[in-house]
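Subject: Structure handover

Hello,

Here is the structure for you to take over. Please look through it first; my notes on what was found come below.

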Amino acid sequence: MRSCESLATIVFVLLLSIVRGVPDLTGLPVGPYCARKYPRGDCCSGRQDECSEPILTTLCYCDEFCDRYREEDCCPDYWSHCKGMEVTTSPPQEIRRCFFQGRSYNIGQTLKDNCNTCKCSPVGERVEVLCEENRCLQERDLIDEINIGSESLGWTAANYTEFWGRTLKEGVQLRLGTLNPSRSVHRMNPVRRIYEPDSLPREFDANSRWLDQINTVVDQGWCGASWAISTVQVASDRFSIMSKGADSVDLSAQHLLSCNNRGQQGCNGGYLDRAWMFVRKFGLVDESCYPWRGSADHCKLRKRTNLRGAGCPAATNPLRTELYKVGPAYRLSNETDIMQEILTSGPVQATMRVYQDFFSYKSGVYRHSAIAERYDSGYHSVRIIGWGEESSYGGGSVKFWRVANSWGVDWGEDGFFRIQRGTNECEIESYVLAVWAKTV
């Protein structure tokens, strides 16, 4: 009896196909058609001949056009086999999807829009993509405003792949890392040098003056340890300069990060006065003895006083047996004092307030935008290695500091940046420190 009914159904459908020209396949048994050829949930993505399966005297299809355009020549088991939908003898009457940035998404599907997670969700009778509302570290509208917008700043911004997809909060917490400089720096004693300010050169670069004795740019990674990196790099530069190359060394930032843990917060930031006190009291080993890991691991050199006891190789200077120590850190209080210090003794440590647009700096003389002041900022410690002047985009000239950052050589001007000098831009002239290296 069932075979007679099935035969009658087929004959009826064939008659309809002759009248209409296209068979209505929705009333046929649900398969297997697509199931004969494709794994469950993974059918054909485009309308080609190989996307079809024979059914009666014609073909039915197993592709995305069924879901998108509601075609009548789709195989009866397309919705159940390919899409995982529970159907009987006909496809669902309505398939709701979200369309976002040129693509479509199923209900419940998630996606990333820069640093924000989004989800295709029903909203009443509609569906739409709902996203988090984090401020991202890299924002196209801010980059465009700096490069081609109405606020002419005289420098160029870029979108860095390493920063894309991260929140501004992450950048401030994990790419900076200096805590409350007003508390830890202002109580240090300033020094006064006797010199003639007008005799200072218009430009100077420590890399040119002390060739091969200045530390190269490093990348702190996603660890808020600028307090440790800038401290050891300034100390390293000064050991090389003040010993005239005898104590040429790259000191270990990891040693300081891991072992200077009293009152410090490791990769979440540190105080400069405590960092310099540690180097003064306990000393440091070199980078090869305690390589950078980018995380505040357990200190392995606690209370070591000499290089042999710390398990380190012999120093390049045969007279050195003790760890590398410095004298008391001192503060420099104005533009020309900073210049004179760099000119005579080498790079200095400076702390600056970092606004969002600084993360996108590519080239030119930096000054922060008014737009960036609206969002989170934090403090970052860097090395000033020189200064200069260049023609201003508005006429005249602009003075700048040349500064080494710790975000790798792919950022900025080969890892360096220039920032306006003499105006305390981003407070960079407020918290400037130097030390005297204890050479042997």
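Three strands form an open sheet in the order β5-β6-β7, with antiparallel pairing. (Strands are DSSP runs of E with at least two residues, helices are runs of H or I with at least four, and both are numbered from the N terminus; two strands pair if DSSP finds at least two bridges between them.) The edges are β5 (110-113) and β7 (126-131), each with a single partner strand, so one side of each has no neighbour in the sheet. From one strand to the next the twist averages 30 degrees, where axes are lines fitted to C-alpha atoms and angles run from 0 to 180 degrees between N-to-C directions.

This is a predicted model: local features need pLDDT of at least 70 and side-chain atom pairs count only at pLDDT 80 or more, while totals for chains, interfaces and linings use all residues. Residues are numbered from 1 along each chain as its sequence is written, and side-chain values use heavy atoms, leaving out hydrogens and water.

Within the sheet, β6 (residues 116-123) and β7 run antiparallel and are joined by 6 bridges. The bridge partner of K119 in β7 is L130.

Strands β1 (residues 52-55) and β2 (residues 58-61) also pair in the antiparallel sense, over 4 bridges. I55 stands opposite T58 in β2. The hairpin of β1 and β2 has 2 residues between the strands, and L56 takes a positive phi near 55 degrees there.

Next, the pockets and cavities. On a 1 Å grid over the protein atoms alone, a cavity is a set of points where a 1.4 Å probe fits but cannot get out; a pocket is an open set with protein on both sides within 12 Å along at least five of seven lines; and lining residues have an atom within 4 Å of a point. Grid points are joined across faces, edges and corners, and a volume is the space filled by probe spheres set on the points.

The largest pocket has a volume of about 440 Å³. Its lining has 18 residues, with C259, N260, R262, F278 and F282 nearest the centre. Two or more lining residues come from each of α10 (253-259) and α11 (272-281), and α11 gives the largest share, 5 residues.

The whole structure has 3 cavities of 30 Å³ or more. The second largest cavity has a volume of about 50 Å³, and its lining includes I229, Q233, V382 and R383. Both α9 (226-242) and β13 (378-391) supply at least two residues of that lining.

Regards
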